Amino acid sequence: MKIDWAALGSVFGVSLAVTVALVALFTLGVAGLSRRERAAARGGSAGLALTAAYTCFAACAAAVAYGIHLITA
């Protein structure tokens with residue numbers, strides 16, 4: 001059995017980068033929801049923060065769905 005170390009390293013690097021990107025995107029979504037709640041407590045409106053949060057969550061869901069599609073196809 002021969003291991004292709006270059007391919008293994010490539011898969012590791014890509015999976016690490018995608019994982020960090022998804023965690024950062026989800027964190028931005030949570031921060032957007034937090035900003036909306038903070039604005040509501042002060043009596044203001046944060047429609048842009050809410051829209052950005054939902055967009056981040058939708059992008060995370062799309063990335064996960066694409067990954068599942070790649071695995072099952």
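The buried residues of H1 are Gly 29, Gly 32 and Ala 39. The model is predicted. Helix H2 is among the elements that cover these buried residues of H1.

H1 has 37 residues and spans 54 Å from its first C-alpha to its last, close to the 54 Å expected at 1.5 Å a residue. Just after H1, Gly 43 adopts a positive phi of about 90°.

H1 covers residues 5-41 and H2 covers residues 47-72; the two pack with their axes 8 Å apart, at an angle of about 155°. Angles over 145 degrees count as roughly antiparallel, and H1 and H2 are therefore roughly antiparallel to each other. The crossing of H1 past H2 is left-handed. On the H1 side, the contact is made by Leu 22, Leu 25, Phe 26, Leu 28, Gly 29, Val 30, Gly 32, Leu 33, Arg 35 and Arg 36. On the H2 side, Ala 49, Leu 50, Ala 53, Cys 56, Phe 57, Ala 59, Cys 60 and Ala 63 take part. By class, the residues of this contact are 14 nonpolar, two polar and two charged.

Ala 49 lies in helix H2. With a relative accessible area of 13%, Ala 49 is buried, the cut-off being under 20%. Leaving aside neighbours within four places in sequence, Ala 49 is in contact with Gly 32 and Arg 35. Ala 49 and Gly 29 are 20 residues apart along the chain, and their C-alpha atoms are separated by 8.6 Å.

The distances given above are collected here.

| Item | Distance |
|---|---|
| Axes of H1 and H2 | 8 Å |
| C-alpha atoms of Ala 49 and Gly 29 | 8.6 Å |
| First C-alpha of H1 to its last | 54 Å |

How values were computed
Residues are numbered from 1 along each chain as its sequence is written. This is a predicted model: local features need pLDDT of at least 70, side-chain atom pairs count only at pLDDT 80 or more; totals for chains, interfaces and linings use all residues. Side-chain values use heavy atoms; hydrogens and water are left out. Axes are lines fitted to C-alpha atoms, for helices over the stretch in contact, and angles run from 0 to 180 degrees between N-to-C directions. Helices (H or I, at least four residues) and strands (E, at least two) are DSSP runs, numbered from the N terminus. Angles under 35 degrees count as roughly parallel, over 145 as roughly antiparallel, 65 to 115 as roughly perpendicular and the rest as oblique. A crossing is left-handed if the near helix is turned anticlockwise from the far one by less than a right angle, and right-handed if clockwise. Contact means heavy atoms within 4.5 Å. Ala, Val, Leu, Ile, Met, Phe, Trp, Tyr, Cys and Pro count as nonpolar, Asp, Glu, Lys and Arg as charged, and the others, Gly among them, as polar. The expected span of a helix is 1.5 Å times one less than its number of residues. Buried means under 20% relative accessible area, exposed over 50%, partly exposed in between (1.4 Å probe, protein chains only).
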